[in-house]
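Subject: Structure handover

Hi,

Here is the structure I promised to pass on. Have a look at it first, and then read my notes below.

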Amino acid sequence: MESQPKPSSSSARQSIVILDFGAQYTQLIARRIREQNVFSVVLPCNATLKEIRNCAPVGLVLSGAPWSVYDKNAPPADKRVFDLGLPVLGICYGLQFMVHTLGGKVRPAEKREYGHAEVDIVAESALFQGMAKRQPVWMSHGDEALGLPPGFELTAKTAHAVAGIQNVAKKWFAVQFHPEVHHTRNGIEILRNFVFNICHAKPDWTPQRFIDSTIAEVRRQVGASRAICALSGGVDSSVAAVLVDRALRNAKGSGAVSRAGGSRLTCVFVNNGALRKNEFEKVQKTLRDKLGLHLDAVDATERFLGKLKGVSDPEKKRKVIGKEFIKVFEKEAGRIEKVQGKVKWLVQGTLYPDVIESRSVRGPSQVIKSHHNVGGLPEKMKLKLIEPLKDLFKDEVRKIGRDLGVPEEIVQRQPFPGPGLAVRVLGEVTRERIALLRECDDIVVTEIKNAGLYAKIWQSFAVLLPVMSVGVMGDMRTYAYTCAIRAVSSEDGMTADWAPLPHEVLKRISTRIVNEVEGVNRVVYDITSKPPGTIEWE
């Protein structure tokens with residue numbers, strides 16, 4: 001959502017719809033298109049035609065997949081998507097699905113192509129406009145197109161396989177490689193050619209347009225009632241709070257207003273017993289003083305720790321925490337209603353990756369984990385949800401936050417899980433183990449900031465492992481816990497690489513933890529990327 005000339009207010013709603021067949025890179029396609037200020041939405045490959053039309057698409061993208069089109073369990077898709085009259089771009093499996101569905105032939109490749117490859121462009125194509133005849137690309141396929149469907153022509157090839165095809169009359173295009181990954185040198189240009197030159201999309205996905213449309217939608221949704229916001233102090237919930245607060249502050253026809261500056265939004269900040277060191281006090285001060293939000297702080301430490309007693313399974317933890325959060329919010333809503341009027345809505349800072357990982361919206365893709373604010377919610381709730389950021393990635397939220405005037409110290413905060421340190425204490429969550437991790441975490445954050453690395457990496461934190469080992473301290477034998485350090489670089493949290501922290505920084509962190517945190521005698525560094533791991537350990 002970079003700064004570009006603003007479109008007129010009369011611009012119609014539009015999108016590029018990506019049908020996901022379970023590919024690793026699907027979200028990357030969505031991001032690359034959004035980076036061009038064009039809204040993109042990911043739907044499962046078996047989405048109905050009505051669901052697709054509801055997104056007002058000006059073009060379709062068919063994603064890759066870890067399958068073969070001729071497999072018995074190949075992901076299903078409605079073949080009538082080709083009857084919608086839209087430009088279509090098939091990527092990898094998307095090319096094979098197009099060939100297979102429209103009358104061509106796909107077979108297992110004699111030579112699988114994976115990794116870097118050279119593609120020769122052999123025909124004029126709007127998709128490759130302005131590009132050299134030879135292009136470095138990224139391949140990842142075990143099948144290949146053998147015969148093209150009627151009306152198609154070859155546009156690109158490698159030494160071993162078909163690499164690009166098109167049906168100009170229908171505006172159907174496909175490539176065997178992945179233009180969305182940075183290894184394909186001109187991949188962004190290919191996507192831009194499709195989005196602008198073929199689909200004729202407008203670059204109207206801007207922060208201000210999002211802010212204006214969201215404020216209008218929230219006002220319509222809430223009507224004359226009131227809302228509460230589940231506030232954690234992180235960037236997501238803070239931006240959601242400011243956005244909804246702006247919608248419900250002194251709006252015409254808003255009905256009764258609160259005594260706190262005329263807003264019908266009350267932010268509720270809950271201490272679940274698993275916050276970071278001094279977080280409960282710091283967040284209250286920041287959100288009241290710097291954002292001017294009406295904030296109620298609730299210390300529910302005993303309640304949460306009591307419910308978590310004996311629970312060690314990660315999914316159960318998240319669901320217990322999600323359920324208890326809702327109970328606290330409903331109780332606060334009841335208290336507020338007695339004084340200020342009916343509360344019907346609960347605002348959450350849910351992001352697109354939260355929804356994706358919790359609800360498996362990507363067709364055959366599996367649920368990775370339940371987020372406490374999505375998959376961890378109880379089925380029955382008294383409050384209705386408002387999730388104004390649910391279609392955004394983290395970097396998009398930060399851009400929105402800056403446009404809303406949210407202080408940089410909040411905008412640049414690293415992601416922190418909603419359940420807090422409870423999902424970084426592996427195994428049972430106890431008061432003693434939380435206390436140990438809280439001290440370790442504070443050391444990690446402090447040293448990362450002191451090294452000037454905090455804003456340069458996606459996330460850095462400590463994890464308390466359910467592993468005890470023998471150590472020696474002051475000539476005395478110790479038997480204490482192990483602390484793992486995790487630091488990753490990422491664009492949106494969907495994939496991540498472990499960050500090679502300087503050895504001196506790791507040394508300071510390790511030395512301080514074993515010297516200052518009684519109960520921890522060993523520190524290890526996690527060098528696993530996502531995939532195959534996840535960013536959090538639970």
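How many of the 538 residues of the chain count as buried? The answer is 57%, where buried means under 20% relative accessible area, exposed means over 50% and partly exposed lies in between (1.4 Å probe, protein chains only).

Before the details, please keep in mind that this is a predicted model, in which local features need pLDDT of at least 70, side-chain atom pairs count only at pLDDT 80 or more, and totals for chains, interfaces and linings use all residues. Residues are numbered from 1 along each chain as its sequence is written, and side-chain values use heavy atoms, with hydrogens and water left out.

The chain holds 14 helices and 18 strands; these are DSSP runs numbered from the N terminus (helices are H or I, at least four residues; strands are E, at least two). If you take the contacts (heavy atoms within 4.5 Å) between residues at least 6 apart in sequence, 75% of them join residues at least 24 apart.

Now to the sheet I looked at. Five strands make up an open, parallel sheet, in the order β12-β11-β10-β13-β14. Its edges are β12 (295-299) and β14 (384-386), each of which pairs on one side only; two strands pair if DSSP finds at least two bridges between them. From one strand to the next, the twist averages 30°. Inside the sheet, β11 (residues 265-271) is joined to β12 by five bridges in the parallel sense, and Asn271 stands opposite Asp299 of β12.

Two helices pack here. Helix α9 (residues 314-340) touches β10, β11, β12 and β13 (343-347), and its direction makes about 140° with that of β11. Helix α7 (residues 279-289) lies across β10 (226-231), β11 and β12, and runs at about 170° to β12. For these angles, axes are lines fitted to C-alpha atoms, for helices over the stretch in contact, and the values run from 0 to 180 degrees between N-to-C directions.

On the α8 side the contact involves Arg303, Phe304, Lys307 and Leu308, while α9 contributes residues including Val320, Ile321 and Glu324.

Elsewhere, β1 (residues 15-20) and β2 run parallel, joined by five bridges, with Ile18 partnered by Val42 in β2. Strand β2 (residues 40-44) is mostly covered, as four of its five residues are buried.

Finally, find Ile448 in helix α13 (residues 431-450). Ile448 is buried, with a relative accessible area of 0%. Leaving aside residues up to four places away in sequence, Ile448 touches Leu453, Tyr454, Ile457, Ser460, Leu501, Val505 and Ile509. Ser460 is twelve residues from Ile448 in sequence and 7.8 Å away in space, C-alpha to C-alpha.

Cheers
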